[in-house]
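Visitor: Could you take me through this model, with the cut-offs stated as each term comes up?

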Amino acid sequence: MNKLLLFLLVCFTLGCTQEVKQNKDNSFSMNQPELEISKLKNLIINKGDTSAYNQLDVAFLDQRHEEFIIYALIMANKYDYPKAYYDVFSCICDIYGDIDKLSYLDSQTRQFALNYLTLSVQKGYEIGKGDLSTIMLEGKYMKKNIKLGKKYQEEYNQLLTTKE
């Protein structure tokens, strides 16, 4: 756990000194936010602004997740924003590519990620039910729970059909 906290501190320190960079061909990403990145970060840290957080999320789509996880942790832990709990889980998974890569993580980091996924669902973030149901039904990274896993899977599938 200490290694993860040290990693996050280093990422945060580096991230505070960097702004969105131009691509090598001098073009800008289409994911540019309305406000400057530094202003979004300030709104997130000091006010828990969910709009600023969501803009930063989009702005960081083509950047490293190692910096975004700092803001996800702040929004989750300080402001109890349900989506941010899921984003912590997602950022950790993205380090290795996807949810199937959880096996590459040490057990403490994996449990840390799974705790945030579980919290996202408990706090009402419906998207998290898709990943959590998969993990519960497999029983690979947490105790198998067919009944709850199927319930979450049905709710997640219903969410997908209502969005279409």
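Guide: Before the helix packing, one convention is needed: axes are lines fitted to C-alpha atoms, for helices over the stretch in contact, and angles run from 0 to 180 degrees between N-to-C directions. The model is a predicted one, in which local features need pLDDT of at least 70 and side-chain atom pairs count only at pLDDT 80 or more, while totals for chains, interfaces and linings use all residues. Residues are numbered from 1 along each chain as its sequence is written, and side-chain values use heavy atoms, with hydrogens and water left out.

Visitor: How many helices and strands are there in the protein?
Guide: Elements are DSSP runs numbered from the N terminus, with helices (H or I) needing at least four residues and strands (E) at least two. Read from the N terminus on, the elements run α-α-α-α-α-α-α-α. The count is therefore, under these run-length cut-offs, zero strands and eight helices.

Visitor: What percentage of the 164 residues in the protein is buried?
Guide: Buried means under 20% relative accessible area, exposed means over 50%, and partly exposed lies in between, with a 1.4 Å probe and protein chains only. By that criterion, the buried share of the 164 residues is 39%.

Visitor: How are H6 and H7 placed relative to each other: parallel, antiparallel, perpendicular or oblique?
Guide: Helix H6 (residues 107-122) and helix H7 (residues 128-138) have axes 9 Å apart and pack at an angle of about 125°. Angles under 35 degrees count as roughly parallel, over 145 as roughly antiparallel, 65 to 115 as roughly perpendicular and the rest as oblique. The relation of H6 to H7 is therefore oblique.

Visitor: What is the handedness of the crossing of H4 and H5?
Guide: The axes of helix H4 (residues 65-77) and helix H5 (residues 82-94) come within 8 Å and cross at roughly 155°, so the two helices are roughly antiparallel. A crossing is left-handed if the near helix is turned anticlockwise from the far one by less than a right angle, and right-handed if clockwise. For H4 and H5, the crossing is left-handed.

Visitor: Which residues in H2 meet H4?
Guide: H2 and H4 pack with their axes 9 Å apart at an angle of about 30°, and they are therefore roughly parallel to each other. On the H4 side, the residues of this contact are Glu-67, Tyr-71, Ile-74 and Met-75. On the H2 side, they are Lys-41, Ile-44 and Ile-45.

Visitor: Is Leu-35 buried, exposed or partly exposed?
Guide: Leu-35 lies in the loop between helix H1 (2-16) and helix H2 (37-47). Not counting residues up to four places away in sequence, it touches Leu-40, Leu-43 and Gln-55, and its C-alpha atom is separated by 8.3 Å from that of Ala-52, which is 17 residues away along the chain. With a relative accessibility of 35%, Leu-35 counts as partly exposed.

Visitor: How many disulfides does the structure hold?
Guide: A disulfide is assigned to a pair of cysteine sulfur atoms within 2.5 Å, and the structure holds none of them. Cys-91 is in no disulfide, and the nearest cysteine sulfur, that of Cys-93, is 9.5 Å away. Cys-91 is buried at 4% relative accessibility, and Cys-93 is buried at 6%. The number of disulfides is zero.

Terms used:
Contact = heavy atoms within 4.5 Å.
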